[in-house]
Amino acid sequence: MANDASMQEPLAPAQPGQGARSTGISYQQLLDTDTREVPEVLRLQSARELPVVRVPLERYTSRAFHDLEVEKVWKKVWQFACREEEIPEPGDHTVYRIANLEAVIVRGNDRQIRAFANSCLHRGRALKDGPGRTEELRCAFHGWAWNLDGSLKSVPCRWDFPDVTREDHSLPEYRTATWGGFVFINMSEDAPSFESYIGELPSHFERWPLEDRYVEAHVAHRMRCNWKVAQEAFMEAYHVIATHPQMLPGIGDSNSQYDAWDHFSRAITPNMTPSPHLDYEPSEQEMLEAMITTSLDAEPAFRVPEDMTARELMAQMSRMQMQALVPSVQRLSDAEFNDSFYYTLFPNFHPWGAYNRITYRFRPNGNDPDTSIMEVIYLAPFRGSRPAPAKIHWLDYDEPWTNAPELGALAKVFAQDTFNLPNVQRGLHNAKHTHAVFANYQETKLRHFHSLLDKYVTA
Ligand code: FES
Ligand SMILES: [Fe+2]
């Protein structure tokens, strides 16, 4: 393993139409070694040619660009607002915040989920300050009240408002949709339907239904960097060589596959396969140890048998561990138990595929382009009745991830991942150069994101 040497690595011969790729086994070749049938969805490879994007650095630092994002992105896109299980019963509500915008998400007596601008039609007080259960949406200032479906219910001293009619004073409503147990909202009336926005993403998750999981942990960390700086650190495996060198014996970092479709993209990083950056061939046991030590923060107490690979062993063990909870895991391939499938639905929603528990969301922190909020949500399978969702655990800017023990050993990996980010933001402000340069293939997801961002901000 040598960073300098890797700069001089000869490039593999270009595959026609797909450009240059790393040396080492491709993800599709690795799938050929699976002991089970591999689902079609893992066989997909997007054919899309993305324009080469060099991104102006001010996109990450300027308030003017942030304001443009509010107008052209946050007010226009479908975005993940909350989990359905946060508002299970009529009257349950929560407040979704993005930049300086807020929506109250509420479940009606008809069990429908609705979203309203969080602002009283009298003099504008925010109607709700946080989650809770209520019979009506009643403003704390002068007491105007709305029914859960947004229709006007009562106005104190009604005689004093001759112009106010029930018909004209329903709460302005935002569009809502659900998928995988997530509630999405859209603040624009002219946006395309949710179905056309999300496209084929649901078909990718058919074998891994996220609606059948519960929120096992939910950690929100304030970060000293732009929200895009934070999220882009979780959209490629190119950083593994420098950021997580301990994983190299057991991660096919630069053999990851990257795909991009209309509004979503994915990366697949294979595990229990060696990094092409290594200058030796690790044994199956070494691959296992590199990854177990990282994900469990402990040495494995077992050895890979002679006649098995680390991939087969890990898949076998996970199948056994999970079958009581999710009987259908028996048919899942080795790939689905070993590899990392990290999806992104534009602009900021990152559910992971298979039975990895991770979902990320990244948001601006109010209107400050230099800070953001990163959330890690663990979605776990359950048996019987759905456990109550974990409450959000807030971590302040400089608090260590390990202050959230509910994240388990991955807290240390998140610490490695986020260590650089405040220094990226600092460097962006110091720059004499004007643009960031993205890798042609390994930064496909970033290029896809910025191509869409371009489209939205110039629309
Ligand atoms: S501001 Fe809401 S009732 Fe007056
Ligand atoms: Fe990482």
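Author: Let's start with phenylalanine 116, whose bridge partner in β10 is glutamate 173. The two strands concerned are β5, residues 113-117, and β10, residues 173-179, and they pair in the antiparallel sense over 2 bridges. Please keep in mind that this is a predicted model.

From here you can follow β10 to another partner. It pairs with β11, residues 182-186, again in the antiparallel sense, this time over 5 bridges. One of the pairs to look for is arginine 175 with asparagine 186 in β11. The hairpin of β10 and β11 has 2 residues between the strands, and in it glycine 180 takes a positive phi near 60 degrees.

Now look at what isoleucine 105 touches: leaving aside residues up to four places away in sequence, its contacts include Ile113, Ala115 and Val183, along with Ala81 and Tyr96. Ile105 and Ala81 are the residues with the most contacts inside the largest nonpolar core, which has 97 residues. Domain 1 (21-59 + 209-457) and domain 2 (79-190) both give residues to this core, so it lies between them. In soluble globular proteins, nonpolar side chains tend to be buried together.

There is one more sheet to find. It is open, with 3 antiparallel strands in the order β7-β8-β9. Its edges are β7 (137-138) and β9 (152-154), each of which pairs on one side only. Between β7 and β8, residues 145-146, there are 2 bridges, and arginine 138 stands opposite alanine 145 in β8.

Definitions and conventions: Residues are numbered from 1 along each chain as its sequence is written. Chains are lettered from A and ligands numbered from 1 in the order in which they are written. This is a predicted model: local features need pLDDT of at least 70, side-chain atom pairs count only at pLDDT 80 or more; totals for chains, interfaces and linings use all residues. A nonpolar core is a set of buried Ala, Val, Leu, Ile, Met, Phe, Trp, Tyr and Cys residues joined through C-beta atoms within 7 Å. A residue is buried if 20 or more other C-beta atoms lie within 10 Å of its own, exposed if 12 or fewer, and partly exposed in between; C-beta atoms are placed from the backbone. Domain bounds come from an automatic or database domain assignment. Two residues are in contact if their C-beta atoms, placed from the backbone, lie within 7 Å. Two strands pair if DSSP finds at least two bridges between them. Helices (H or I, at least four residues) and strands (E, at least two) are DSSP runs, numbered from the N terminus.
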